[in-house]
Amino acid sequence: MTPFRPAGDGALRYRVRFDAAPFANVSFWDEGREEILFHLSLRAAKRIAAVNARRGGAWGQERRVPFAPPQGEAEVEIAFDGPRIRVIVDGAPLFELEGGFADLEAIAAVGHQGGILAGSLAPLGTVTLGVTDVMVLEAHGAAPGVLARAGGLALPLGPPEAPGG
């Protein structure tokens, strides 16, 4: 799962290939990773696109539209504009939804399954990304105060010492 927080006008763009898998699912989770606040499922074999949410462990009513899966790769964009959500495939609108999805401002992470190409997730607009893993660097033999912590990373405060110094 990748940290992702749309800040009013954030979006997520990614690439899919349906020859890799017959579906492409993207789920936007809350902070506790318990609720799916918005879910998009592109189902090539069934030729439908569906959106939904999962609250309290139960899926809500799916909203479906016909979907003609493209040949080869396709670019998908999910744009959050306040309470409105737009889903665009290869530049053409697929869904435009307003209402029915509560707490979109509480989105904290995105997860995906299926034919989404590795490394293709790209946040757009105003989003806040977080660090999923914390890395701590150790400085052996450094003077006190040489390291600072920022965002879970240890960073040097000054220039490195010359060799042999």
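1. Confidence in the model. The pLDDT is the predictor's confidence in each residue, on a scale from 0 to 100. This is a predicted model, in which local features need pLDDT of at least 70 and side-chain atom pairs count only at pLDDT 80 or more, whereas totals for chains, interfaces and linings use all residues. Residues are numbered from 1 along each chain as its sequence is written, and side-chain values use heavy atoms, with hydrogens and water left out. The protein chain has an average pLDDT of 80, and 76% of the residues score at least 70.

2. A contact here means heavy atoms within 4.5 Å.

3. Secondary structure. The protein chain has 16 strands and zero helices. Both kinds of element are DSSP runs numbered from the N terminus: helices are H or I runs of at least four residues, and strands are E runs of at least two. Among contacts between residues at least 6 apart in sequence, 57% join residues at least 24 apart.

4. Surface and burial. Of the 165 residues, 36% count as buried. A residue is buried under 20% relative accessible area, exposed over 50%, and partly exposed in between (1.4 Å probe, protein chains only).

5. The surroundings of Arg-43. This residue lies in strand 5, which covers residues 36–43. Arg-43 counts as buried because its relative accessibility is 19%. Its side chain is joined to that of Ser-41 by a polar contact of 2.9 Å. A polar contact is a pair of N or O atoms within 3.5 Å; within protein, one must be able to donate a hydrogen and the other to accept it, and residues adjacent in sequence count only if both atoms are side-chain atoms. Leaving aside neighbours within four places in sequence, Arg-43 is in contact with Pro-22, Ile-48, Ala-50, Glu-62 and Arg-64.

6. The salt bridge of Arg-43. Arg-43 forms a salt bridge with Glu-62, the closest N and O atoms being 2.5 Å apart. Glu-62 lies in the loop between strand 7 (58–59) and strand 8 (63–66) and Arg-43 in strand 5, so the pair ties together parts that are 19 residues apart in sequence. Glu-62 is partly exposed, with a relative accessible area of 25%.

7. Other salt bridges. A salt bridge is a side-chain nitrogen of Lys or Arg within 4 Å of a carboxyl oxygen of Asp or Glu, and by this rule the count comes to 11. One of them joins Arg-15 and Glu-73, whose closest N and O atoms are 2.7 Å apart. This pair links distant parts of the chain, with Arg-15 in strand 3 (residues 11–17) and Glu-73 in strand 9 (residues 73–81), 58 residues apart. Arg-15 is partly exposed at 28% relative accessibility, as is Glu-73 at 34%. A network of salt bridges links Arg-13, Arg-15, Glu-73, Glu-75 and Glu-77. Arg-17 forms a salt bridge with Asp-19, with the closest N and O atoms 2.7 Å apart; Arg-17 is partly exposed at 26%, while Asp-19 is exposed at 59%.

8. Aromatic pairs. The structure holds seven aromatic pairs. Rings of Phe, Tyr and Trp (its six-membered ring) pair if their centres lie within 6.5 Å; planes under 30 degrees apart count as stacked, over 60 as edge-to-face and the rest as tilted. The rings of Phe-4 and Phe-28 have centres 5.6 Å apart and planes at 50 degrees, so this pair is tilted. Both Phe-4 and Phe-28 are buried. The rings of Phe-38 and Phe-101 have centres 5.0 Å apart and planes at 75 degrees, so this pair is edge-to-face. Phe-38 is in strand 5 and Phe-101 in the loop between strand 11 (92–98) and strand 12 (109–114), 63 residues apart. Phe-38 is buried at 0% relative accessibility, and Phe-101 is buried at 10%. One aromatic cluster is formed by Phe-4, Phe-28, Phe-38, Phe-80 and Phe-101.
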